[in-house]
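Subject: Structure handover

Hello,

Here is the structure I said I would pass on. Please open it next to this email and follow along as you read.

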Amino acid sequence: MHERGSRHFKLAALVAVLALALVAGAPATAQVTTAGLRGIVRDATGPIPTAQVVAVNTNSGFEYRAVTQTDGTFNLVNLAAGKYDLRVSFEGYQEVTQPIELQLGRIVDVTIELRPQEMFIGNVAVVGETSKLLIDMRAPEVATNISTQQLENLPQNNRNFLSFARLAPGVQFTDNADSQGQVFRSGGANPKQVNVFVDGLSYKNDIIQGGAFMQDSSRGNPFPQGAVQEYQVLTQNYKAEYEKSAAAVITAVTKSGGNDFHGDLFYFFQDKGMVTQDDFAKARGDEKPPYERNQYGLSIGGPLVKDKLHFFATGEWHERDLIFSVFRGGEWNNAPANVQDKLDGYGTGAISKPFEEALYFGKVTWQPTYSQTMDLSYNQRDEEEYRDFGGQVTEAGARDFKIGTDAAVLRYQAVFGSNIFNEASLTYQKMSWQQIATTAGAVRENYVGLLTIGAPDFTQDLSQEKTGLRNDFSYMFDWHGGHTLKAGFIANWMKYNLTKASYYNPYYEYRSEEDWQYPFLARFGYGDPSVDFDNTQYGVFIQDDWRLAPNLTVNVGVRWDYETNMLNNDYVTPASIVTGLRDSCRTYGQPIGGQTTWCVDEVFDIDDYVSTGDNRESPTNMFQPRLGFSWDASGKGTTVVFGGWGHYYDRVTLNDIYDEQYRQSWSQYSFCFNNDGVTQPANCATPAIMWDPSYLTVDGLAGLIASGQIAGKEVFLLANDTHAPRTVQWTLGIRQQLGSWLAAFTYANSRGYNGLSWGFGTLPAESSFNDRWGNSIPIPGYGLVLRSSDVRKTWYDGYFLTFDRPYTADSKWGANIAYTYGKAYQDGTLDEGTAFSLDYVSSADYYKFPANSDERHRFIASGTVGLPFNFIVSSIITLGSGTPFTYTDCLAGWDRCVTHWNEGRPAKQSFLGIEEFAYRSVDLRLEWNAHIGSAVTFGLVGEAFNVFNYDNDGCFDGWAGAPGSPNPNFQKATCQYNTQRFQIGARFGF
């Protein structure tokens with residue numbers, strides 16, 4: 001074992017010992033899983049000491065108690081979010097009770113004034129009459145709460161609880177409900193930079209894009225929605241307790257059983273008659289394929305011991321036919337007859353394939369005393385679909401795609417005295433992501449612009465396994481004002497397995513330049529496709545909410561994260577690569593940068609990229625200071641100015657650095673072909689070989705490799721000092737209570753740094769742009785050399801305007817409106833997975849252009865209204881100005897082609913006379929409930945999505961045209977998504 005590995009083992013052991021000690025006796029609470037109530041009890045004459053404050057959860061019967069101090073203050077900050085009966089009693093006054101509701105992640109400060117026969121709650125925004133929803137107006141974060149009512153009553157095409165994150169300003173969720181990859185993002189950042197916590201457990205995906213839950217390319221739901229009680233979307237300025245995120249954070253809590261047995265069954269149905277075909281499928285004459293979707297589930301919860309021990313369990317299933325339209329590409333009419341004859345036999349049209357998903361969740365909750373709570377929960381996800389064909393890819397190219405999750409959380413919360421709180425958790429989690437070929441045999445042939453035929457050319461099996469320990473603690477005290485001091489740590493022991501067999505089935509690419517007569521490019525791989533390694537993640541934080549004055553609070557915190565093996569530190573660069581880098585030079589026919597001969601060590605410092613297994617350390621500088629404030633200008637919690645500033649670190653995604661080791665254990669070769677033995681085909685980097693039909697087999701390509709006629713393996717050089725992605729954010733805003741409405745206006749600023757990308761590794765920086773593919777300095781025995789850089793940046797400026805009127809049982813209606821005006825920019829590359837910046841000579845040439853997420857206007861409004869005769873109607877209206885696309889313009893000449901990165905904009909359409917929107921959808925839901933006796937309900941549900949069947953266009957043609965031949969279809973859409981569809985369902989509850 002390396003000495004460094006021994007140090008890491010000792011550090012892990014020390015952290016584990018400290019954790020056990022803190023669990024036994026440290027003060028803590030965790031805002032990611034709880035709510036809170038604190039304040040002062042008084043009467044007309046002043047504060048009341050020794051008053052009894054009791055909060056009883058109306059569902060579970062769990063009781064939480066506090067006694068006011070000499071100044072009348074009390075603290076109840078480890079409460080589960082939900083509804084309570086708040087009781088306050090003091091000798092000489094009759095005990096009074098007030099129903100209240102607390103939101104997740106919100107610790108509200110109240111003034112409770114005892115009056116004869118009644119209680120008055122002040123100093124906080126209150127909505128509702130009978131039961132009062134207490135809303136924290138003084139939080140420095142930019143946060144949006146998604147309530148149980150919204151989760152249950154708003155229209156939703158797919159039961160992905162994360163989709164409601166789009167109700168938060170500044171947050172984008174995938175508009176296309178059928179796309180592969182349902183993800184959310186914020187602040188102009190990559191979706192990889194978000195995080196999701198459920199009951200305090202992070203579902204961060206360390207391996208691939210998507211940010212959390214292994215969401216990359218998934219159409220499914222990551223977690224059973226019926227298990228989610230509510231959640232909070234933290235867009236900016238969140239505190240130091242949240243780890244591994246440089247953009248938005250979602251923190252959710254799950255449901256618990258109560259003192260009464262409750263159950264729920266639901267079923268939702270769609271078939272092909274309820275889904276409108278898009279205009280392009282109609283124009284092609286595609287027949288509607290068989291289609292059916294079924295979503296159903298059940299849940300049950302209740303007491304094992306009344307007021308003490310409860311259980312909750314739920315299961316959800318999702319089955320549907322996925323529709324893939326296979327059609328010939330736009331170049332079909334230009335293809336020669338022999339190529340058309342070869343491809344004619346491959347099926348086109350709409351093809352249906354199955355999707356199946358099963359989600360399970362179970363939880364047991366125990367309160368042995370009013371000062372202690374424990375719960376144990378388990379979650380499982382099993383998702384499978386046939387996919388990766390459609391468009392120009394025929395059905396033989398399909399893969400079996402699987403995603404799985406197993407996760408368990410054991411959590412303990414305790415109160416010590418009146419001002420010390422603790423939450424500790426022990427967790428286990430395994431997430432996996434697989435793509436497996438459904439057919440074998442024929443090699444894969446891509447006739448660009450026509451069809452792709454043959455079996456899949458790669459398979460993947462990725463997993464991460466985590467055992468975690470977390471402890472958060474808080475201590476409340478007075479010193480020059482009131483303080484809530486909170487600190488904590490987390491330790492995760494990770495195991496990663498990444499298996500990728502890229503091009504194990506050979507891949508061939510044909511194009512119009514060669515009249516599709518022979519492939520100009522082929523790829524083939526073999527060897528050991530697996531990379532396995534361990535990693536330990538540590539995080540510590542401390543923060544203080546310091547109330548300098550009754551109407552002024554300052555939040556100061558700092559976080560530090562460290563990983564023992566984030567960069568695959570034990571990897572050793574093969575000696576042959578090191579020798580090649582140190583010894584290789586090239587003499588050019590024309591001077592480059594004033595010299596004719598260049599050596600690799602003149603292009604970059606080789607030692608910065610050679611890993612010896614001991615010289616690479618994960619970043620140790622991930623210190624993240626965070627500062628926030630809130631000023632209650634009104635002194636009553638009705639007008640609050642807030643703001644903050646902070647540093648936020650994420651982590652390097654493993655798939656982005658995987659190729660450094662993988663390309664040496666799995667041999668992957670690229671071949672270039674010509675038909676004359678002389679011409680080097682454009683955009684093909686390795687020396688060309690004259691094409692022979694015998695090369696259209698595994699044996700033929702293996703013979704070329706054995707003969708040494710091609711370049712060797714590609715080389716990926718990762719910088720030893722690679723930094724983790726980070727953002728610097730600052731926010732300034734104002735909140736205002738307007739009766740039962742809550743309004744806010746916020747400016748959000750975010751700047752992202754340390755974006756990773758791969759570029760030409762041995763190319764002299766002074767090379768001309770058009771020569772970049774052929775000017776690299778070769779290394780004997782190897783192919784193209786790629787080198788990493790971490791200088792990519794993002795820029796985001798957003799203005800958020802929100803109006804919220806929470807739904808209450810008294811009013812029977814609620815509404816939420818969010819408008820975002822934002823500008824997002826990025827540099828380097830468009831890639832959101834592993835990024836390759838091969839459109840530049842070097843990273844020094846990067847320039848700023850509109851980001852992939854640059855949507856200037858986004859308006860979303862939702863509302864629910866209770867109607868007579870037990871009807872409930874709800875709606876979501878979503879309007880967006882659309883994200884940009886890239887186009888290439890060669891009209892001025894082939895030698896003056898210009899690519900305009902994300903400078904194309906979709907055509908704007910009208911909504912209520914405003915022509916500003918490229919995406920429009922009005923979704924409606926109507927539910928009718930019948931009460932059968934006093935405890936049983938039966939409901940019928942009808943939903944309509946994009947009820948007006950607005951055209952939501954995509955796949956814009958990005959070819960402006962050639963000299964003298966403008967493209968008449970330039971900037972026109974070639975696909976549509978989220979057409980009108982309907983859904984019916986039924987619910988049964990008791």
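The model is predicted, so local features need pLDDT of at least 70 and side-chain atom pairs count only at pLDDT 80 or more, while totals for chains, interfaces and linings use all residues. Residues are numbered from 1 along each chain as its sequence is written, and side-chain values use heavy atoms, with hydrogens and water left out.

The whole chain

The chain holds nine helices and 58 strands. Both kinds of element are DSSP runs numbered from the N terminus: helices (H or I) have at least four residues and strands (E) at least two. Along the principal axes, the C-alpha trace spans about 105 × 65 × 50 Å.

What radius of gyration does the chain have, next to that of a compact globule? The chain has 30 Å, which agrees with the value near 30 Å for a compact globule of 990 residues. The radius is taken over C-alpha atoms, and the globule rule is 2.2 Å times the number of residues to the power 0.38.

Of the 990 residues, 59% count as buried. Buried means under 20% relative accessible area, exposed means over 50%, and partly exposed lies in between (1.4 Å probe, protein chains only). The accessible surface of the chain is about 37700 Å², and carbon and sulfur atoms make up 56% of that. These areas come from the Shrake-Rupley method with a 1.4 Å probe; for residues, only the protein chains shown count as cover.

Contact means heavy atoms within 4.5 Å. Among contacts between residues at least 6 apart in sequence, 72% join residues at least 24 apart.

There are 78 positive and 110 negative side chains, and the centres of the two sets are 4 Å apart. Lys and Arg count as positive, Asp and Glu as negative, and His and the chain ends are not counted. Each charge is placed at NZ of Lys, CZ of Arg, CG of Asp or CD of Glu.

The disulfides

How many disulfides does a search of the whole structure find? The search finds four, a disulfide being a pair of cysteine sulfur atoms within 2.5 Å. With bonded cysteines counted along the chain, the pattern is 1-2, 3-4, 5-6, 7-8. Three of these links are described here, one by one.

Cys585 and Cys599 have their sulfur atoms 1.9 Å apart. The torsion about their S-S bond is about 95 degrees, so this disulfide is right-handed. Cys585 lies in strand E34 (residues 585–592) and Cys599 in strand E35 (residues 595–599), 14 residues apart. Cys585 is partly exposed at 39% relative accessible area, whereas Cys599 is buried at 17%.

Cys890 and Cys897 are bonded with 2.0 Å between their sulfur atoms, and at 120 degrees about the S-S bond their link is right-handed. Cys890 is buried at 3%, while Cys897 is partly exposed at 34%.

Cys955 and Cys975 have sulfur atoms 2.0 Å apart, and a torsion of about 85 degrees makes this disulfide right-handed. Cys955 is in the loop between strand E54 (953–954) and strand E55 (959–962), and Cys975 is in strand E57 (residues 975–976), 20 residues apart. Cys955 is partly exposed at 45%, and Cys975 is partly exposed at 21%.

One tryptophan

Trp691 is in the loop between strand E39 (688–690) and helix H9 (698–707). Is Trp691 buried or exposed? Trp691 is buried, with a relative accessible area of 19%. Leaving aside neighbours within four places in sequence, Trp691 contacts Tyr508, Tyr518, Pro519, Phe673, Asn674 and Leu696.

Regards
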